[in-house]
Protein chains: 2
Amino acid sequence: MATPGSAAVPAPRPGSPPTIADVARAAAVSKTTASDALRGHGRVSGPTREAVLEAARRLGYAPNRSARSLRTSVTDTVALYFPEFLTSAEYSMAFVFGVAERAAGAGLNVTLLSSGHLPQHGTAPPQVDGLVLCDPAPEDPVVRRLMNTGLPVVTAERYAGDQQPTGVVRSDHEASMTELLDHLRDSGARRPALIASEATSDWSLTLQRTHARWCADHGVPLVLRKAPVGATPEVLRGIARDLLAQEPGTDAVVCAPDGAAAAVLPELRAAGRTVGGDLLLASCVDCSAMRTAEPAITAIDLRPRSMGAECARLLCEILSGRTPPGTVRTLPVALNIRASTRA
Amino acid sequence: MATPGSAAVPAPRPGSPPTIADVARAAAVSKTTASDALRGHGRVSGPTREAVLEAARRLGYAPNRSARSLRTSVTDTVALYFPEFLTSAEYSMAFVFGVAERAAGAGLNVTLLSSGHLPQHGTAPPQVDGLVLCDPAPEDPVVRRLMNTGLPVVTAERYAGDQQPTGVVRSDHEASMTELLDHLRDSGARRPALIASEATSDWSLTLQRTHARWCADHGVPLVLRKAPVGATPEVLRGIARDLLAQEPGTDAVVCAPDGAAAAVLPELRAAGRTVGGDLLLASCVDCSAMRTAEPAITAIDLRPRSMGAECARLLCEILSGRTPPGTVRTLPVALNIRASTRA
DNA sequence: TACGGTTGCCGGAACGTTCCGGCACCCCTT
DNA sequence: AAGGGGTGCCGGAACGTTCCGGCAACCGTA
């Protein structure tokens, strides 16, 4: 005796994971009804739905992503790209896991694109639903290629190229830098110098612009030094030494590059200054080295984990159509005040 | 007039990426022949193969991964799992990118599994060809679940649970720790204390065992302190303070947890000791904080990037059958000698 | 000439899913 | 009783790939 539709449903092959046909047979319904019940999509009666869900649970059914993706052209996967020069920073790790966690919560897979990916022109774009680009530089060829795939793209920080990303999550670096400078002023500093990075990222440029403007607003001379992108501690210390020698009136040093403040600290001390006393020191990126330094160094906490999470969330929303393209979100950052600026 | 097989090949839909049928039509062959030519698999004459490759190149054809995966049950994707407590360390980032880069070179995708993944029991395993687990702890439920999927697993460092991973890439921590202790002895230290982590990872336990053995071999009393897993700088400093107070004969301190050496450094100084002088200091993990400390701190460089790369390579080899299951590889580590141990 | 073996190519089924269209049934209204 | 509309379910095609089996054509030998 055949149950309805049994002719269309082949026998299960033990060993392989169960398919929707197995679920259908177990619930004595058709593949279509099983599919509808599992996704809540068609017209299915309450009892039938229950039966299907129960069967699926009992069999440990999980839909085959490849088959689903083949049928729907939706991969449930997003790619995350990281420029090479960022891959050593503590910031990156937190960002990556922010993305991963949030994406997992939304049922999305995250695949990692390293700089080694897609090197040669003409390589096919990755087969994903969307992209997250961390701090994209217009001069990075991989970034340019990815921006041209036509896929939805969310960038962490603005993109300075001509293509516009589908979504942007940014921090208000202008506000946080201003807050930091105001704090230094409240702690007695009158002439805050900035050691910036030569990088052309939006972040780096914003810090310089804000510092320049603040100095102008407060009628203090602009003192700025630039460090090469991957500068070693020795190079950074040299820059600090020269800075103090050339600008003896400096009473605060703000360092932009990741970890630079910790690197220059010994040099400031060697110059006879007391950090946290007659010379304040702060960093534009917080990391463990800032917390463990002696004295501990005041730093802007960029909240990379939240940043990553918000990128993933925004991309999800764009993919599901809940949020229109062109959305820009601004995340708050925190100023962690420590001994190095408590004058 | 119909070219051979033209009836079986539907017209192309402009806008969608080209399929193998488009390539076949462009080269005036069947789907089968196109597929064979592209993968070098069947019996295809030289000119025909050339024609197919040329057509594919011209059309910008890239095989649809979902379709291929559905047909072959091979996803060309591996998953990378990271325990939560490791996600803030610099080590992790380098490791992740080592894996990503190497996997990309082998044509594999890497998807990230965060701790948030697969939380509840009964969740289906990720649909990938293999797994890389970084420093897996037997008490991590996610690790246990992943070890039970039946998928090939390569672990970075040994796994202390009962399941055996398919492959292991490890560092010779015993050798490197011994080398470090010998170096300290050569620099004049006679009583090296160890501040270890409470973690039960293979790495942590090996360090403790090696230290204990070295002390026994050299007839010096064993001085060991344990720090909680996520210990703050304050906690670590407290441990260092107590250590020096209780064991005044200590003339060298070795710190295992990531970054701990930089955290305790100020405390050692506060106790009236000269780091690099009458007290040597070293770390079992190198990171930027070690390089920027003053004095710079001697550290074992675990070469996380190579480690990640080697994990990916080994998994590739196991997946392709070139390397038998059960393979264990040992990677060299480096000792970066710096001012903190140049007595 | 006949014939076994090789070479080059092809048709079509299968992988597991989604979803369009259709069919039977029931209920309500006229 | 007839008709219209809604409900619950199903058959089967399609997504793009791989690969089994087969079929001509050709070559060499008997």
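Two residues are taken to be in contact if their C-beta atoms, placed from the backbone, lie within 7 Å. The model is predicted: local features need pLDDT of at least 70, side-chain atom pairs count only at pLDDT 80 or more, and totals for chains, interfaces and linings use all residues. Residues are numbered from 1 along each chain as its sequence is written, and chains are lettered from A and ligands numbered from 1 in the order in which they are written.

By the contact criterion, 39 residues of chain B meet 40 residues of chain A. Helices (H or I, at least four residues) and strands (E, at least two) are DSSP runs, numbered from the N terminus. On the chain B side, two or more residues each come from helix 4 (65-72), helix 5 (90-105), strand 2 (109-113), helix 10 (260-270) and helix 11 (288-292) of chain B. Helix 5 of chain B gives the largest share, ten residues. The chain B side holds 18 nonpolar, 16 polar and five charged residues. Here Ala, Val, Leu, Ile, Met, Phe, Trp, Tyr, Cys and Pro count as nonpolar, Asp, Glu, Lys and Arg as charged, and the others, Gly among them, as polar.

Chain B superposes on chain A by a rotation of 180° with 0.1 Å of shift along its axis, at an RMSD of 0.2 Å. That is the relation of a two-fold axis.

Helix 8 of chain B covers residues 202-217. Its 16 residues should span 22 Å at 1.5 Å a residue, and its end C-alpha atoms are 22 Å apart, which agrees. The expected span is 1.5 Å times one less than the number of residues. Buried residues of this helix are B:Asp202, B:Trp203, B:Ser204, B:Leu207, B:His211 and B:Trp214. A residue is buried if 20 or more other C-beta atoms lie within 10 Å of its own, exposed if 12 or fewer, and partly exposed in between. Their cover includes helix 7 (173-186) and strand 6 (192-197) of chain B. B:Ser204 has 22 other C-beta atoms within 10 Å. Leaving aside residues up to four places away in sequence, B:Ser204 touches B:Ala196, B:Ser197, B:Ala199 and B:Ala256. Just after helix 8 of chain B, B:Gly219 takes a positive phi of about 65°.

Chain A contains an open sheet of six strands, in the order 7-6-8-9-10-12, with mixed pairing. Two strands pair if DSSP finds at least two bridges between them. Strand 7 (224-227) and strand 12 (334-336) of chain A stand at the edges with a single partner strand each, so one side of each lacks a neighbour in the sheet. Strand 10 (residues 298-301) and strand 12 of chain A run antiparallel, joined by three bridges. A:Ile300 has A:Leu335 as its bridge partner in strand 12 of chain A.

The peptide bond from A:Glu294 to A:Pro295 is cis, with omega near 0°. A cis bond also joins B:Glu294 and B:Pro295, with omega about 0°. A:Asp135 is not a glycine, yet has a positive phi of about 45°. A:Asp135 is buried, with 24 other C-beta atoms within 10 Å.

Technical notes: Least-squares fit on C-alpha atoms with pLDDT ≥ 70 in both.
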